[in-house]
Structures are given as structure tokens and as C-alpha cells.
Amino acid sequence: MFMKIELNVSRLKEIYKVCSAALDTKHEKEPMRFIHLENKNGVLCAFASDGYAAVETKTQVQEKEHFVCLLPVVQIPKSAEQVSIQILNGMMDISFSNGVKYTQRAVPPGLYMDVSLVNRSFERDQQKYEIAVDPKLLMRALKGFCDKKEAVVLRFGTEKEPILIDSFVPSRGKAEVREDKRMLLLPVRLNYKEANQKLSERTF
């Protein structure tokens, strides 16, 4: 079976960047080492998951023909502007416009991830409410919770209340929330005056 799709290198870079948040190229399960790339009627969807997190990005492309593959992460040459991804006879060619080419075995379709259940979780109508946070502030907040033996608990009140971040450590066969390390993260739409008022009204 022959399949082919062409992309701008800038678009491929964006796919790699977004999917890196949930991609484990050394995962023991082969499908999770790759990006699930699928084109349906000109909507190109890239999906990645390491089993704990999942990320998806969509973009419009000119090609309308169906295309699906598990895309590996390859080094993108600096001088290339276009990339062609081609699958034929069980082999995948990733060819850049400057002549750089990668050839490897294409992952068989039988090993592709079933992303339908995850896709339903991405649908907006499944969410009760939305909370907007500054990604830089969220990353900075989580740096304080870097112990390998702990996780974090994110507590949400409403979309207008601060997010409470607690440390989470398994203890004696069950999970216990530690209160010696806590943090509040304000939603983008909430100023500090409103936050103080909300905090005075709320018991965590």
C-alpha cells in the first residue's frame, strides 16, 4: 500500500515540539515511541502518549487523501523547507528538500494505538468548565515538586478560584496528601484582589 504526504518543515517542527510533552522515544511499547499521524479530509492530526499523558495537535493541509502512520522523531536539517513522508511495501521514507533522507521499517498498522477513547476526552463538551493558566507559571510552580517518590495533586474549585497544588506521596500502601508543601496558582482571568477574597471564603 502506497501513502504519501508533504509538509512544510516548520509544521513538522511544531508537531515535534507539541508532541514532545507526552512522547517517550524509549518506551518499552513500540507504538508509544512514535507520533500517531493521520490525515482525514485535509485535517492532519498528530497524537502522542506515554501512557500517563496525551497530547494532540491539528492543522489544515492541502492533501485530502487518507494518510496514517507512526512517525519517528528524526533530526531536521537546518536548510530544508519541505518534507515528504512516504510509505511503500512496509518501508517509510522521510525525505527533506535539501536531499537528506531517512529510511526505516514502517510500523505495521496492527500496532497502531486506538486513540478514539482519548480523542473523546479532548472534546470540549465533555468538560464541566475551563481554567486558563499561564504555562510558564505552571512549569515554575511544579519545579518545587521534583522528588521522584512524590506526585502532585491539583485541586480545582471553580474556573475562577486559585488552583491548589499539593504534594502526593504513597504511604503504607495507600496515598496520603502531605500538607508541608503546598502552592496556589492563579487562573489567568483572576487578579490577586479577587484571589484573596476567594481564599477567605474557601476552606481547602
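Helices (H or I, at least four residues) and strands (E, at least two) are taken here as DSSP runs, numbered from the N terminus. In this predicted model, the protein chain has four helices and eleven strands by that criterion.

**Whole chain.** If contacts are drawn for pairs with a separation of 6 or more, residues 24 or more positions apart account for 51% of them.

**Strand 7.** Next, select residues 91-96, which form strand 7, and centre the view on D93 within that strand. Is D93 buried or exposed? D93 is classed as buried because its relative accessibility is 18%, and the class requires a value under 20%. To complete the surroundings, select S84, I85, Q86, K101, Y102 and T103, the residues in contact with D93 once its neighbours within four places in sequence are set aside.

Move to residues 151-155, strand 9, where V152 is found. V152 has a relative accessible area of 34% and is therefore partly exposed, a class that lies between 20% and 50%. Finally, select L142, V152, L154 and F156 together and show their surface: these residues make a nonpolar surface patch of about 300 Å².

Technical notes. Residues are numbered from 1 along each chain as its sequence is written. This is a predicted model: local features need pLDDT of at least 70, side-chain atom pairs count only at pLDDT 80 or more; totals for chains, interfaces and linings use all residues. Side-chain values use heavy atoms; hydrogens and water are left out. Buried means under 20% relative accessible area, exposed over 50%, partly exposed in between (1.4 Å probe, protein chains only). Contact means heavy atoms within 4.5 Å. Patches are made of residues with over 30% relative accessible area and no salt bridge: like charges are joined within 9 Å, nonpolar side chains (Val, Leu, Ile, Met, Phe, Trp, Tyr) within 5 Å. Accessible areas come from the Shrake-Rupley method with a 1.4 Å probe; for residues, only the protein chains shown count as cover. A salt bridge is a side-chain nitrogen of Lys or Arg within 4 Å of a carboxyl oxygen of Asp or Glu.
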